[in-house]
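Me: I would like to go through the strand pairing in this model. Could we take it sheet by sheet?
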Amino acid sequence: QWQLVESGGGLVQPGGSLRLSCTASGFILGYNAIGWFRQAPGKGREGVSCRSMGDSTTFYADSVKGRFTISRDNAKNTVYLQMNSLKPEDTAVYYCAADFYPKPSGRLCDPVDFGSWGQGTQVTVSS
């Protein structure tokens, strides 16, 4: 059974940092494209950062460039999202996702292209 489990969310003050983790079970994460997505109240799910299988291509949303970093540890079957300089507008439920199939050119981080999802972890940025 394929499963993704996120952890690391919480409450942080503006300017602070958090590191989200997502561990896979039942499949090898290294053979998949990986991604982090978020959904704020009343908004649709958006791609935050994604990485192709083999890590040849990485996508960051403009709103997080220079502040967030995606990485993976294949030995631990885990993907991470390091989030620095957090802003109140980063508040959302964050989801990790994985998918075996190649992504269309120029569309590495569209939620509709990912088939396996975690349950989500809440990130709240507030003073």
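Reply: What follows covers the strands of this predicted model and their bridge partners.

Me: Fine. Which strands form the open sheet, and in what order?
Reply: The open sheet holds 4 strands, ordered β1-β3-β8-β7, with antiparallel pairing.

Me: Why is one side of β1 and of β7 left without a neighbour?
Reply: β1 and β7 (68-73) lie at the edges and each has a single partner strand, so one side of each has no neighbour in the sheet. From one strand to the next, the twist averages 15 degrees.

Me: How many bridges join β1 to β3?
Reply: Strand β1 (residues 3-7) and strand β3 (residues 18-25) run antiparallel and are joined by 5 bridges. Within that pairing, Q3 has S25 in β3 as its bridge partner.

Me: And what joins β3 to β8?
Reply: There are 6 bridges between β3 and strand β8 (residues 78-83), again antiparallel. L18 stands opposite M83 in β8, and T23 has T78 as its bridge partner there.

Me: Changing topic to β9: is it mostly covered or exposed?
Reply: Strand β9 (residues 92-99) is mostly covered, with 7 of its 8 residues buried.

Me: Which strands does β9 pair with?
Reply: Strand β4 (residues 33-39) is joined to β9 by 7 antiparallel bridges, and Q39 has V93 in β9 as its bridge partner. β9 also pairs with strand β11 (residues 121-125) over 3 bridges in the antiparallel sense; the partner of Y94 in β11 is T121. Finally, 2 bridges join β9 to strand β10 (residues 116-117), which runs antiparallel to it.

Me: Which residue in β10 is the bridge partner of A98?
Reply: The partner of A98 in β10 is S116.

Key
Residues numbered from 1 in each chain as written. Predicted model: local features only at pLDDT ≥ 70, side-chain atom pairs only at ≥ 80, totals over all residues. Heavy atoms only, no water. Pairing = 2+ DSSP bridges. Axes fitted to C-alpha atoms, helices over the stretch in contact; angles between N-to-C directions. Buried < 20%, exposed > 50% of the residue type's maximum accessible area, 1.4 Å probe, protein only.
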